[in-house]
Structures are given as C-alpha cells and as structure tokens.
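Could you set out what can be read from this model, point by point, and with the cut-offs stated where they matter? A note of that kind is given below.

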Amino acid sequence: MQMTEPFAATIAAVVPVIWLVGAVEVHQMMKIYLTSARHLEDTAGQAEKLLRDAGEQPTSEQLVELNKEIGERLNEGVEQTKLFPPGFLNFLWTAVVAVLLVSEFEALRWLAADDPGPRPGLAMYMLVTTMVGFGAVTIVPVAVAMTQTMGHLRRGKERHAAVGDAVEAQVDRLRARVDGYRDGVEELQREVDAVRSDRGE
C-alpha cells in the first residue's frame with residue numbers, strides 16, 4: 001500500500017464529511033442527554049412535592065405508599081440518564097477528531113508537495129483513521145439506539161409485570177371477599193336449618 005493522488009484526494013474529501021456527520025450526531029445525543037437530565041430534575045421535584053404534601057406527620061400507610069411512589073419516580077429519572085455516558089462520548093469524539101485532523105493535514109500536504117513519494121506508513125495511517133472515523137459515526141449511534149430500546153423494553157416489561165401483580169392481588173382480594181360471603185351464607189343456612197329442626201319443620 002502506498003500513497004497515490006486519488007487516495008490522498010479521497011481522504012481529503014471524506015474526512016470533513018465524517019467530521020460533519022459526527023458533529024451532528026454528538027449534538028443530537030447531547031440533546032437526548034439534556035432531555036434525560038431535565039427529566040431527572042423533574043422527577044426529583046415531583047418527589048419533593050409528594051413529601052411536602054404528606055405533611056409533618058404522615059400515617060404509616062401514607063409513608064409506605066409515599067416511599068413506593070417516590071422510589072418509582074426517582075428510579076425512572078435515573079434510568080433515563082443511563083442511556084449513554086456523555087463524558088465517554090466527548091472523549092471518544094475528541095480522539096477521533098484529533099486523528100482525523102492529522103489525516104486531513106497530511107493528505108493536503110502530500111497533495112501540495114512536488115515529489116511527496118509513496119509513504120506507505122502514511123497511507124496505512126490514513127486508511128486506519130478514516131475507518132475509525134466511520135466506525136465512530138456508525139457504531140456509537142447504533143449502540144445508543146439499542147441501549148434506549150432495551151431500556152424502554154425492560155421498563156415496559158417491569159410495568160407490565162407490576163400491573164399484572166396488582167390485578168392478581170385485586171382478584172385475590174375479591175375472591176377472599178366472595179369466600180367470606182359464602183362462609184357467612186353457609187353459616188346462616190346452618191342456623192336456619194337448626195331453627196327449623198328445633199321447630200320440627
């Protein structure tokens with residue numbers, strides 16, 4: 001492998017495109033994270049309001065319900081911020097931009113030189129850094145999208161299971177109530193039968 005004019009010209013043209021796509025993706029993902037961070041603040045605010053509304057001396061039942069509701073709200077807010085780590089994203093994109101900047105500079109310098117030579121090491125560096133750039137602008141968004149999808153799916157399953165458990169508990173309470181009524185009816189019937197027996201009916 002060695003440097004050629006078409007190769008250097010292609011690198012010089014492709015690198016700015018990678019920069020542009022990457023910058024747009026980073027901007028979009030930071031917007032997602034900002035929305036998630038605001039959601040976390042909102043859920044914390046809602047939890048504080050629930051605490052204030054409970055008053056100075058809530059009953060034990062209120063405390064149990066309050067603890068459950070606040071926990072659910074805060075957990076939901078924290079889950080939203082786990083979609084992707086912005087610190088890692090910034091570090092990754094800074095590193096990619098740095099190596100691509102060297103590739104762009106070297107490609108333009110090679111094209112501008114009178115007799116630049118084949119420089120196989122430089123050609124290999126440009127190939128590798130360009131592929132790293134392509135990877136950064138394709139793999140990171142896919143990973144973020146998959147993380148979001150799996151997070152939504154897991155939360156959906158948890159809510160579905162919670163609703164199912166609540167319905168089942170409600171059905172169990174209704175069954176217990178019906179069984180209680182049935183026991184009461186049977187007891188009354190026995191008493192009626194005993195009275196009739198005493199009367200000789």
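1. Basis of the note. This is a predicted model, in which local features need a pLDDT of at least 70 and side-chain atom pairs count only at pLDDT 80 or more, while totals for chains, interfaces and linings use all residues. Residues are numbered from 1 along each chain as its sequence is written, and side-chain values use heavy atoms, with hydrogens and water left out.

2. Confidence. The protein chain has an average pLDDT (the predictor's confidence in each residue, from 0 to 100) of 75, and 69% of the residues score at least 70. Confidence is lowest in helix α2 (residues 60-80), where the mean is 62, and highest in α3, where it is 83.

3. Fold. The protein chain has 4 helices and 0 strands, where helices (H or I, at least four residues) and strands (E, at least two) are DSSP runs numbered from the N terminus. Among contacts (heavy atoms within 4.5 Å) between residues at least 6 apart in sequence, 85% join residues at least 24 apart.

4. Burial and surface. Of the 201 residues of the protein chain, 24% count as buried; buried means under 20% relative accessible area, exposed over 50%, and partly exposed in between, with a 1.4 Å probe and protein chains only. The accessible surface, from the Shrake-Rupley method with a 1.4 Å probe and, for residues, with only the protein chains shown as cover, comes to about 13900 Å², of which 63% belongs to carbon and sulfur atoms.

5. Leaving aside neighbours within four places in sequence, methionine 3 is in contact with residues including Trp110, Pro118, Leu122 and Met126.

6. Nonpolar patch. Met1, Met124, Leu127, Val128, Met131, Val132 and Phe134 make a nonpolar surface patch of about 620 Å²; patches are made of residues with over 30% relative accessible area and no salt bridge, like charges being joined within 9 Å and nonpolar side chains (Val, Leu, Ile, Met, Phe, Trp, Tyr) within 5 Å. Methionine 131 lies in helix α4 (residues 120-199) and is partly exposed, with a relative accessible area of 49%.

7. Proline 141. Proline 141 is placed in helix α4 and counts as partly exposed at 25% relative accessibility. Leaving aside neighbours within four places in sequence, proline 141 is in contact with Glu25, Met29 and Ala136.

8. Charged pairs. The structure holds 2 salt bridges, each being a side-chain nitrogen of Lys or Arg within 4 Å of a carboxyl oxygen of Asp or Glu. Glutamate 106, which is buried at 13% relative accessible area, meets arginine 109 at 3.1 Å, N to O. Glutamate 106 also forms a salt bridge with arginine 119, the closest N and O atoms being 3.8 Å apart. Because glutamate 106 lies in helix α3 and arginine 119 in the loop between α3 and α4, this pair ties together parts that are 13 residues apart in sequence. Salt bridges that share partners join Glu106, Arg109 and Arg119 into one network.
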